[in-house]
Structures are given as structure tokens and as C-alpha cells.
Amino acid sequence: MPETRGGGDGMSRIKLAGCTGRISVITLTNRQARQFLLLKHGLLGSYKFSGKEGALAFIRQTGCIQFDPVDVCGKNAELTLQSRVKGFRKQMLHELLYKDRALLDYPDKNLSIILTEDFPYFSRYRQAARECGRSFEGLAELEKQALAYIAENGPVSSDSLPVSGSIVWHSSIHWSGNWGGRTNAARAVLEQLYSSGDLIIYDKIGSRKIYDLAEKYIPTDILEAEEPLPEEFAHQKWRMLRRIGAVGLLWNRPSDAWLNIWNLKTAQRSEIFRQLLQEEEILEVRVEGIKDILYGRSVDRALLDAVQQNAFCTPRCELLAPLDCMMWDRKLIKALFGFEYTWEIYTPAAKRKYGYYVLPMIYGERFAGRAEVVADKKADALIVKNIWYEDGIRQSGAMADAVDRCMRRFARFNECSTVVRQDK
């Protein structure tokens, strides 16, 4: 089988089989299913995505990437992109969000980054935030004050908005987060106006959010667009199809991959799968050793056909984000790859098996292990504290070289000039 070289995705020299009519079920070996996921995500073979445009293309493929503010060696969204996008730097995502305005900070699968053009599809959430806000006495007046101040003075943070005092806040009003209780009134009103779509996040300085009027940055035809899918079932269907595309393969089971799709119960989920199959938006995929049928998007049919050749692709070593979209269903990852991952950031230290912020590590077609890596900005060094290899992984010379290259790339991504390997 040919080895892939050069640009494009990892299957660039493999002839892609064309669709010759609808086949209701595709059968893959376990290895072929793994290859498909890794190639779709640009994690195997040569890089499929490159530079800032590649970062935008990957987010377009997935619909959204998750945001988390913790920064040990890059934030989750940045980590997601660095593993797939050749030459990715953190500034690229910052520019796409706050200069180009091609992307928005907005909840989708929990806190996320979405395409600006998809903003109309989430109008039901903004309306729900407005309706919930009406139940808070005095909030409407605070909103007027905040909007008037921002209109006159420009972008603000909760530290610079001249609204004093605190209010009792319930998390039900702020569907994009999990905070509640008594909180700073300036913070509360800014978050409320953000949730209702009157404000956007204009910029971030570290973890500090700066807000400005949405109308200044979102094109009018997007900002004022009608809800494209006003009927709830149609909206759920759109969201589910995006999530299938984001992961690559999913099954009809409860899953974290469906998080924040409101009112999605088992009956609705099953009916949506049935309709998407009937409409030929998705394909059934049977994988050896897995009892449940998996489903992939029909637009990925050529790649599904191609991996049936069992072609060899040049292996890469990459570190994945803790909330990486390929791993939104960790039970599926365990079934396919035999890799079990728990993000232990919220696990008490005494009960952690590995560490506070540990990243899954891929080499070739397998999860080779996991790594605890810290970017020490004062020392200008990337500290590789530990690597735990999976049982059965043979640490060859080629793999060791690939891990070294990965860590050097990861150091550049974190703007560190040296790598300190404490794991050796």
C-alpha cells in the first residue's frame, strides 16, 4: 500500500472511491474505523489543515470547538487546533475571533467558539435568556444603564462598567455557564446582555472578558436574521447532524456529544437518526467488535470508502485537548481505540491517577499514552513532567523521535524556546 507524502490530507495519494449509489451499511474493521476518525480530524499522515485559514476550515468542519479558560499549556480551543493545523499559533485564533470576526465566543456544546454565520441558529437561546431575565427585579434598568454607557464609551469589562453592588443570581438565567448565588452586579448584567445577544465578547485579555455592542461587529443580515429552524425538532436535527460531523462517528446512545441540545430525549434522538438515514444525510457504519451501529455523515462517504484499502499513512505524534471534539464520546473512544481517558482537573489530588492537566497523546493510528506538560513562561521552557505509555505500546526509535518532534512543536506553540524532559 502506498505511503502518503506531501500536502493535503493524509490520504492524498490514495484513490478515493466514488459513490456508485447508496449503500445503506458500510462495514469497517476496527483499524479502518480508527483510520477514518484520525484522517477526518487531520491527525494522521500529512497535515490536512494549515495556517489561519486551516484553523477556520477545521472549525467549519466541526461546527464548534469547546472553550475552557484553564491555561496550563494552552487553552482547550487552542490545544484542539494546534494538534491539527500546521504552523498554528495562538494569535491565529485570537485574530479569527477579535479581528476578522469570522468566529464568535458563544455557547453551543457548553462554552464554545462558533462560526459567526451560525449566530441566527441560536436565537432561541438568546430569547430564553431575555425571558428569564425579566423575572429579576431591577435587571432591566441595569441593562439600560449598561447599554447606554457602552454606546457612549465603548468596550468595557466588569471592572470598568460603573455599576456597583451585587445581586442574587441564579444559573438558570445564564444558560452559558454554571455560576449562581450572589454576584457582582456589573458582571451579572454584562453576562446577561451577552447571553441575550445584545453584547459580544469584543476581546479577552488573559481570562478577563471585554464586551461591546453586538451590532458593531456582527453583520446586520446575520444579527437580524430570523431563526432558520424555528420548530424545535428541526433545530435538534440540525444540531445532531453537526455533532455527528464534529466527532466523525457516533452511535444512538446517551452521550456527552449531545450536550446542550435542549429537550433531546431518547425518542427524539432515535427519530432524528431515522430521518437523517432516510434523507441520506448519514450512513450506517458497522465496525467489527462493536455491537451498536455507528453513523457517519454521507459527505464523508469517499473517505469511508478509501480507508477500506487499509493504506499506510505516515504516523505523527500529537497531543490532544482534554475536551477535544474527537473525544466528546469517551465510551466510543474506548470501544474503538481501547483508550480510557478521564480529565482529572476536578478530581481531588489524592485521587488522581495521573495528574491535574494531562493530555491524550496519539502516535500513528493509536493512543500511545498521555502526557503532563506545563508551559513555564518565566523559565521560557516547556516542562514535560511525565509521559504514561499505554500497555502494549512499543517505544521504538521512530516513536521516540516523533515524540521529541511533537514536544518541540508544542514548545513553539506555547512560545517557549526550550523543552525540559523530566520524564526521562
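User: Why is Lys237 called buried?

Analyst: In this predicted model, Lys237 has a relative accessible area of 14%. Buried means under 20%, so Lys237 is called buried.

User: Where is Lys237 found, and which residues does Lys237 touch beyond four places away in sequence?

Analyst: Lys237 is found in helix H9, which covers residues 232–247. Leaving out residues up to four places away, Lys237 touches Ile272, Gln275, Leu276 and Glu279.

User: What makes Ser196 buried?

Analyst: The relative accessible area of Ser196 is 1%. The cut-off for buried is under 20%, therefore Ser196 counts as buried. Ser196 is in the loop between helix H7 (185–195) and strand S9 (199–205). Beyond its neighbours within four places in sequence, Ser196 is in contact with Arg126, Ala129 and Arg130.

User: Why is the pair formed by the side chains of Ser196 and Asp198 called a polar contact?

Analyst: The two side chains are 2.7 Å apart. A polar contact requires N or O atoms within 3.5 Å, one able to donate a hydrogen and the other to accept it, so the value of 2.7 Å falls within the limit. The side chain of Ser196 also reaches the backbone oxygen of Leu193, at 3.2 Å.

User: What is the confidence of the chain, and where is pLDDT under 50?

Analyst: The average pLDDT is 91, and 91% of the residues score at least 70. Over residues 1–21 the pLDDT is below 50, although the model has 52 contacts for this stretch beyond near neighbours in sequence. Residues 171–179 also stay under 50, with 32 contacts beyond four places in sequence. Where pLDDT is low, the predicted coordinates should not be read in detail.

Note on methods. Residues numbered from 1 in each chain as written. Predicted model: local features only at pLDDT ≥ 70, side-chain atom pairs only at ≥ 80, totals over all residues. Heavy atoms only, no water. pLDDT = per-residue confidence, 0-100. Contact = heavy atoms within 4.5 Å. Helix = DSSP H or I, 4+ residues; strand = E, 2+ residues; numbered from the N terminus. Buried < 20%, exposed > 50% of the residue type's maximum accessible area, 1.4 Å probe, protein only.
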